[in-house]
Amino acid sequence: MGADTRASVRTSADDTHVTHGPIAHVRDRAVVGGSVVGSIVHASNACHYAADMTGTDSTAASDRIAGSEGPPGAIRRVAIVGAGPSGLFAVQALLAQEDQRVEVDIFDRLPTPFGLVRYGVAPDHESIKSVAQALARVFDSEGLRFRGLIDFGQDVTREELLAAYDAVIYAAGASEDLRMNIPGESLPGSRSAREFVAWYSGHPDATDQDLTGVESAVAVGVGNVAIDVARILTRHPEELERTDMPQAVIDTLASHTVADMWIIGRRGPHHASFTTKELRELCTLEGVQVRVSAGAFDGIDDADLDRRTRANVEALRAADARQVPDARCRLHFLFWRRPIAVEGDGAVTGITVERTEVDASGRVVGTGETSTLETQLILRAIGYRGVPLPGVPFDVEHGVIPNEEGRVTTEDGHVLEREYVVGWIKRGPIGVIGTNKSDAVQTVRLLLEDLATREHEPHTAALLDLDAHLAERGLYPTSFEDWQRIESAEAGLGEGFGRTRTKIEAWAELLDLVARERPGGPPTPADRDR
């Protein structure tokens, strides 16, 4: 991991080289591949996701699209930018329908599909395996091709995709995390939970996380991302041995013990967005003593709570009352507090918080009462937003591609032909996994309606041959078979550790694996050092 290598295998008649650049430079573009250092899928949604995907009859869809049983007329070609969950839900909707024969190419900046299911779902949850298996079945269709190592905006432009396809769907996610905007936030030791999750999930762009000297850690936010990072930091290291985390990550987590873990929320426990299953799991970890801040439950009337919120409050009350003899770690839920400053001289040494309350208008305001917690690591998990895709309209205020129910529009509301959007980059980082499925169905329905209105227009014969166009520039997209070679190598690596899989996190190793059977052969060490 780290910032030394990345991106496309490029070949010409007399040379092969790997283009690369610092992560700081590519982070703005990391969203376009769908599998970004960014948007986080929670394990709480994984089972729902698997159930949704299992319902896909990909073989039947393939028969309808590739065979003679489909509707008459030429095959329409659709490009999807981003091979994460939203993009694959769009594939599912396109290939399951019978009204229009389609072929789909799904592009990603990485050589690995599945996006944040691979790099954002907590790796200590077994349900991930069923999610990945369900997603992989989408690729059984002959009507779908995976086109990896193609960076939208750099390797292929919006104009080129529109010239090569009848329709383009953007499925980019939301890769930029919100900041607290308080003094000291940029001190070393104050980081994004997104970056921390990317590290332990084995994303090749992730920065190594140094936990030296970290005895107390803080997660700011009361959603499942905060739950995930707190669980990874407080779970017994032996329990992480069975995960598919890179071995270097497991070694780092095993060699550093966090004695105090804090989760901070500016409202009360009945306002937190935790899912109950994940909250209960965190609160019952072996050897972890839970403490909830004094007064957190004051004024809560259980009769006013919905089922999930009531269950969360009950779980927190039970955890707070439970005594854990000889606890190896303390987990503190600090409600009705907001961070106002990160303390430290050259590195984080603490975080100052202010007590909060709700005023007469319903706004959360500070009371002026402050306190400072000693900590060496602060992980902010307070939300995400999308970033612009090169050349594509963007609503800066809301962090989304402007659209009408999935049809891309200009900033002033004019609908653009043949461009569509799904997922968080369409509606913002809201909803659960199932929301992304219905969201994709809505967009695909409109796309098909639009294709039907252009039924008699010239299309496929006049489209740009993108494969040939890229090859002229020495660009050869990776395939799903290339991904399967990575998958096989990870299974072999995991076998040596007694696991099902151990993720390969280094760009150099990933590129070697996908380049072995490609024009020009694999990149050499000299190529990677350029």
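**Helix packing, the parallel sheet and selected residues**

Helices α12 and α13 are roughly parallel to each other, a term applied to angles under 35 degrees, with over 145 counted as roughly antiparallel, 65 to 115 as roughly perpendicular and the rest as oblique. The axes of α12 (residues 276–283) and α13 (residues 307–321) cross at roughly 5° and come within 9 Å. Axes are lines fitted to C-alpha atoms, for helices over the stretch in contact, and angles run from 0 to 180 degrees between N-to-C directions. Helices (H or I, at least four residues) and strands (E, at least two) are DSSP runs, numbered from the N terminus. The model is predicted, local features requiring pLDDT of at least 70 and side-chain atom pairs pLDDT 80 or more, whereas totals for chains, interfaces and linings use all residues. Residues are numbered from 1 along each chain as its sequence is written, and side-chain values use heavy atoms, with hydrogens and water left out.

In the contact (heavy atoms within 4.5 Å), Thr276, Leu279, Arg280 and Cys283 of α12 meet Arg308, Ala311, Asn312, Ala315, Leu316 and Ala319 of α13. These residues comprise six nonpolar, two polar and two charged; Ala, Val, Leu, Ile, Met, Phe, Trp, Tyr, Cys and Pro count as nonpolar, Asp, Glu, Lys and Arg as charged, and the others, Gly among them, as polar.

An open sheet is formed by six strands with parallel pairing, in the order β8-β16-β9-β10-β12-β11, where pairing requires at least two DSSP bridges between two strands. From one strand to the next, the twist averages 20°. Strands β9 (residues 216–220) and β10 (residues 260–264) run parallel and are joined by five bridges; Val220 stands opposite Ile264 in β10. Helix α12 packs on this sheet, touching β10, β11 and β12 (329–334), and its direction makes about 140° with that of β12. Helix α13 lies across β11 and β12, running at about 115° to β11.

Thr356, in strand β14 (residues 350–358), counts as buried at 5% relative accessibility; buried means under 20% relative accessible area, exposed over 50% and partly exposed in between (1.4 Å probe, protein chains only). The Thr356 side chain reaches the backbone oxygen of Arg266 at 2.7 Å. Beyond neighbours within four places in sequence, the contacts of Thr356 include Arg266 and Trp336. Trp336 lies in the loop between β12 and β13 (337–343), and its phi is near 55°, a positive value in a residue other than glycine.

Technical notes:
A polar contact is a pair of N or O atoms within 3.5 Å; within protein, one must be able to donate a hydrogen and the other to accept it, and residues adjacent in sequence count only if both atoms are side-chain atoms.
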